[in-house]
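Hello,

Here is the structure I promised to hand over, followed by what I found in it. Please have a look when you get a moment.

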Amino acid sequence: MNLSNFDLNLLRVLDALLREQSTVKAGERIGLSQPAVSAGLGRLRQSLGDPLFVREGQRIVPTQYARNLELPLRRILDELSALLAEPGSFNPADAEQSFKIAGSDFFAEMLMPPLANAISQLAPRIQVQLVDLVPNDYVGTLEKHGIDLALVPKTDFPAWIDYLPAFRSTFVTIARAGHPRLERAKVKPGDVVPIDLFCDLGHVVFSPEGKLKAMGDAALARMGRERRVAMTMPVFGGVCNAVAGSDLVALVPEQLARKVASRLRLEIYIPPMPINPALVCIVWHKRNTTDPTHRWLREVVLKLLSQLNASETDSGAPEPT
């Protein structure tokens with residue numbers, strides 16, 4: 001593709017379509033009519049040589065090519081907005097503000113330590129609190145509970161929400177080192193766990209709400225199978241510790257598994273079924289979009305979470321598993 005002949009305004013159209021998966025809602029987001037968005041999509045398809053979106057019921061869903069563009073495109077547009085912002089308008093070293101970030105304890109392990117380092121060096125007067133997500137109302141926390149940012153899997157966000165895609169993750173199976181049944185079956189760390197054995201083992205499920213079924217069960221159901229859930233935990237730390245101290249196993253995000261495996265003497269295996277991907281997003285109320293301190297914090301969090309993509313081999317996210 002010759003970039004000199006490409007209308008860069010079409011990137012805003014593509015970003016809006018990836019966010020909304022609707023030509024009507026995409027138009028509302030960027031101030032264009034639905035026919036104008038459809039025309040822009042047609043030009044994008046011609047320029048990029050890919051359908052980009054296919055119809056699925058009342059929605060249009062992105063092709064794999066479009067999905068691969070989503071993260072880098074969002075970052076490029078966000079960096080461009082920052083580049084064109086009024087110069088000298090914000091100095092993090094002078095900022096004095098408190099923020100609440102809602103997310104699972106996955107982020108206590110994977111985000112908060114490097115965020116603490118960044119804030120202490122760049123914005124020492126900024127205060128950050130990581131708080132639990134409100135069960136069954138992840139997005140509503142931004143409206144009702146004084147939350148500034150939420151870290152949640154992508155879904156159909158309401159119109160008053162803005163967000164940035166942050167990272168994807170595969171899921172892996174964890175078990176304690178020397179797990180007797182895995183050893184007897186000659187399943188080595190890094191191997192695929194045979195599905196009969198996987199379903200028969202006792203599982204610990206991460207679920208803040210105490211639900212017995214989650215993404216892993218939905219993936220098994222598509223294969224006509226069911227696992228044995230022995231325990232649920234509201235935090236990933238509890239899941240990992242329960243597995244480390246028993247013969248139970250669990251599905252957890254790969255980044256977390258690799259971070260804690262050595263410390264807890266856990267081994268990592270591949271689950272026998274494909275698990276649908278989920279994209280983790282940084283979500284906030286639109287009223288905060290132009291606030292300079294809020295924007296600075298979003299950019300720092302995005303930069304740190306984007307580094308989690310380095311270990312991905314497919315896609316997924318820290319949802320209940």
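This is a predicted model: local features need pLDDT of at least 70, side-chain atom pairs count only at pLDDT 80 or more; totals for chains, interfaces and linings use all residues.

**Helix packing**

Residues are numbered from 1 along each chain as its sequence is written, and side-chain values use heavy atoms, leaving out hydrogens and water.

Back to the helices: α6 (residues 112-122) packs against α13 at an angle of about 140 degrees, and their axes are 10 Å apart. α6 is therefore oblique to α13 (under 35 degrees is roughly parallel, over 145 roughly antiparallel, 65 to 115 roughly perpendicular, and the rest oblique). Axes are lines fitted to C-alpha atoms, for helices over the stretch in contact, with angles from 0 to 180 degrees between N-to-C directions. Helices (H or I, at least four residues) and strands (E, at least two) are DSSP runs, numbered from the N terminus.

**The sheet**

Five strands make an open, mixed sheet in the order β4-β3-β5-β12-β6, where pairing requires at least two DSSP bridges between two strands. At the edges are β4 (127-131) and β6 (161-167), each pairing on one side only. Strand β3 (residues 98-102) pairs with β4 in the parallel sense over five bridges, and Ser-98 stands opposite Gln-127 in β4.

The largest pocket has a volume of about 700 Å³. A pocket here is an open set of points on a 1 Å grid over the protein atoms alone, for a 1.4 Å probe, with protein on both sides within 12 Å along at least five of seven lines; lining residues have an atom within 4 Å of a point. Of its 28 lining residues, Gln-21, Arg-59, Lys-154, Thr-155 and Asp-156 are the closest to the centre. The lining divides into eleven nonpolar, four polar and 13 charged residues (Asp, Glu, Lys and Arg count as charged; Ala, Val, Leu, Ile, Met, Phe, Trp, Tyr, Cys and Pro as nonpolar; the others, Gly among them, as polar).

The second largest pocket holds about 440 Å³. Its lining has 19 residues, with Arg-19, Arg-74, Leu-77, Asp-78 and Ser-81 nearest the centre. α4 gives the most to this lining, with five residues.

Best wishes

Technical notes: Grid points are joined across faces, edges and corners, and a volume is the space filled by probe spheres set on the points.
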